[in-house]
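Trainee: I have a new model open and I'd like to learn how to read it. Could you walk me through it feature by feature?

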Amino acid sequence: MAGKSSKPTLEEIDYRTRLANCEALEIKVRRDQFELDNKRGELCRIDTALTAFDGFLREFVGFLDSLPDAIQTLIPQATPTQYKDVQELIGTQLQRLADRRLHLSIESNTAQQQANTAAKNERIARTAKRKKDEGK
């Protein structure tokens with residue numbers, strides 16, 4: 001690599017150019033794959049996935065809520081205390097599930113670009129500070 005005051009050599013320029021072309025090609029391939037997956041209907045939006053997951057959870061919670069009655073039907077000799085114990089166990093587990101939250105969000109492209117720019121600016125500032133400190 002060239003020093004601070006010298007210009008890049010032709011080999012360095014050629015290497016950087018080939019590297020940039022390779023990276024651009026990789027990005028194009030990923031974008032094309034994404035577009036193809038989207039056309040095939042193989043991608044799912046976060047809101048669609050959350051709606052489906054919420055539907056599954058409602059069914060599952062309904063099953064758990066009715067489990068003590070199902071157990072009472074299957075095992076008629078279960079005592080009222082055992083029935084209550086099963087209800088409490090299920091209630092505890094449902095509360096544990098309710099206390100956990102699944103946080104997903106859809107950020108706009110603008111917000112994502114702003115976050116990327118801020119991160120890039122921070123990296124540049126750290127690099128500049130490091131170089132300045134090294135120069136002292």
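This is a predicted model: local features need pLDDT of at least 70, side-chain atom pairs count only at pLDDT 80 or more; totals for chains, interfaces and linings use all residues.

Trainee: Fine. How many helices and strands does the protein chain have?

Mentor: Helices (H or I, at least four residues) and strands (E, at least two) are DSSP runs, numbered from the N terminus. Here the protein chain has 4 helices and 0 strands, so the pattern along the sequence reads α-α-α-α.

Trainee: And what share of the residues counts as buried?

Mentor: Buried means under 20% relative accessible area, exposed over 50%, and partly exposed in between (1.4 Å probe, protein chains only). Of the 136 residues in the protein chain, 5% count as buried. The protein chain exposes about 12100 Å², with carbon and sulfur atoms supplying 57% of that.

Trainee: On to charges. How many salt bridges are there?

Mentor: A salt bridge is a side-chain nitrogen of Lys or Arg within 4 Å of a carboxyl oxygen of Asp or Glu. The count comes to 5 salt bridges. One of them joins arginine 18 to aspartate 14, with the closest N and O atoms 3.0 Å apart. Both residues lie in helix α1 (residues 10–39), 4 residues apart, about one turn of the helix. Aspartate 14 is partly exposed because its relative accessibility is 39%.

Trainee: Which partner does aspartate 54 meet in a salt bridge?

Mentor: Aspartate 54 meets arginine 58, at 2.4 Å from N to O. Again the spacing is 4 residues, about one turn, this time in helix α2 (residues 46–74). Aspartate 54 has a relative accessible area of 37%, so it is partly exposed, whereas arginine 58, at 54%, counts as exposed. Another bridge runs between arginine 45 and aspartate 47, where the closest N and O atoms are 3.0 Å apart. Arginine 45 is exposed at 52% relative accessibility, and aspartate 47 is partly exposed at 35%.

Trainee: Is aspartate 37 buried or exposed?

Mentor: Aspartate 37, in helix α1, is buried yet has no salt bridge. For charge, Lys and Arg count as positive and Asp and Glu as negative; His and the chain ends are not counted. The nearest side chain of opposite charge to aspartate 37 is arginine 40, 4.5 Å away. Contact means heavy atoms within 4.5 Å, and aspartate 37 touches Glu42 and Leu43, not counting residues up to four places away in sequence.

Trainee: What about the rings: how many aromatic pairs does the structure hold?

Mentor: Rings of Phe, Tyr and Trp (its six-membered ring) pair if their centres lie within 6.5 Å; planes under 30 degrees apart count as stacked, over 60 as edge-to-face and the rest as tilted. The structure holds 2 aromatic pairs. In one, the rings of phenylalanine 56 and phenylalanine 60 have centres 6.1 Å apart and planes at 15°, so the pair is stacked. These two residues sit 4 apart in helix α2, about one turn of the helix. Phenylalanine 56 is partly exposed at 47%, and phenylalanine 60 is partly exposed at 33%. Ring pairs also link Phe53, Phe56 and Phe60 into a cluster.

Trainee: Which residues form the nonpolar patch on the surface?

Mentor: Patches are made of residues with over 30% relative accessible area and no salt bridge: like charges are joined within 9 Å, nonpolar side chains (Val, Leu, Ile, Met, Phe, Trp, Tyr) within 5 Å. Phe53, Phe56, Phe60, Phe63 and Leu97 form the patch, with about 490 Å² of accessible area together. Helix α2 gives the largest share, 4 residues. Phenylalanine 53, found in α2, is partly exposed at 39% relative accessibility.

Key. Residues are numbered from 1 along each chain as its sequence is written. Side-chain values use heavy atoms; hydrogens and water are left out. Accessible areas come from the Shrake-Rupley method with a 1.4 Å probe; for residues, only the protein chains shown count as cover.
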